[in-house]
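Morning, everyone. Please put the model up on the screen, and then we can walk through it.

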Amino acid sequence: MGQIAVHEFISLDGVFESPSWTFEFGFDPAMGETLAGVTGGATAILLGRTTFDMFAPAWRDRTVEQDPGAPFFNETTKYVVGKEAPTEEWGPSERLGGYDADAIRRLKDDTDGAIYVSGSGQLVRGLLADGLVDELHLFVYPIALGAGERLFTEGSSPTRLALLDSDVYANGVVHLSYGPAAAASQDQA
């Protein structure tokens, strides 16, 4: 059975939308090591359609010389959630259709290894609400943007999580790894 591991670049005030604002902080090599740990056990990628359409042109022609993560993104099967079909080609990929928690549970049941998710805010909100996220990796940047789409939206139900691990990088970014609060309570028992 697979586990869902979500990765997000996020500002102090919760904005994750179009993270070009992260560029000014640079990319600490230790962050790459952490991300390699998150993707290392992944055998599938789960993305919302909008994120898939944004990632496809950014990754499909990238080589391992340009980015060590290129083979993972380009060779791993990507499962796409969305009512509409992707507008970009980027294989191997499979369309799952609109968000369906039961379809994602079946994907978890049928997957050996982790299922990696990045971006895909609407999808991640659904996964969290349905208790389908096993690991939530937030890379928190030392900036409050004041505007932009937030991962946790106003009016959503509370989401209880338990801190599993944390790292601080030289560029001021903090990595917070969370799991379901209930699972952490059971581990401590």
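How many helices and strands are there in the protein chain? Six helices and eight strands. Helices here are DSSP runs of H or I with at least four residues, strands are runs of E with at least two, and both are numbered from the N terminus. Along the sequence, the pattern reads β-α-β-α-α-β-β-α-β-α-β-β-β-α.

A word on the source. This is a predicted model, where local features need pLDDT of at least 70, side-chain atom pairs count only at pLDDT 80 or more, and totals for chains, interfaces and linings use all residues. Residues are numbered from 1 along each chain as its sequence is written, and side-chain values use heavy atoms, with hydrogens and water left out.

Now the overall shape. The C-alpha atoms fill a box of roughly 40 × 35 × 30 Å along the principal axes. Of the 189 residues, 44% count as buried. Buried means under 20% relative accessible area, exposed means over 50%, and partly exposed is in between, with a 1.4 Å probe and protein chains only.

Next, the inside. A nonpolar core is a set of buried Ala, Val, Leu, Ile, Met, Phe, Trp, Tyr and Cys residues joined through side-chain atoms within 4.5 Å. The largest one has 24 residues. Ile4, Leu46, Ile104, Val117 and Leu127 have the most contacts inside it. Strands E1 (3–11), E2 (42–48), E3 (78–81), E5 (114–118) and E6 (135–141) each supply at least two residues of this core, and so do helices H4 (101–110) and H5 (121–129). H5 gives the most, with four residues. There is also a second, separate core of 16 residues, which includes Ile45, Leu47, Phe73 and Ala114. In soluble globular proteins, nonpolar side chains tend to be buried together.

Take Leu46. Contact means heavy atoms within 4.5 Å. Beyond its neighbours within four places in sequence, Leu46 touches, among others, Ile4, Tyr79, Ile104, Val117 and Leu127.

Is Lys108 buried or exposed? Lys108 counts as buried, because its relative accessibility is 6%. A polar atom of the Lys108 side chain lies 3.2 Å from the backbone oxygen of Leu132. Setting aside neighbours within four places, the contacts of Lys108 are Met1, Gly2, Gln3, Ile4, Ile115, Leu132 and Asp134.

Technical notes: A polar contact is a pair of N or O atoms within 3.5 Å; within protein, one must be able to donate a hydrogen and the other to accept it, and residues adjacent in sequence count only if both atoms are side-chain atoms.
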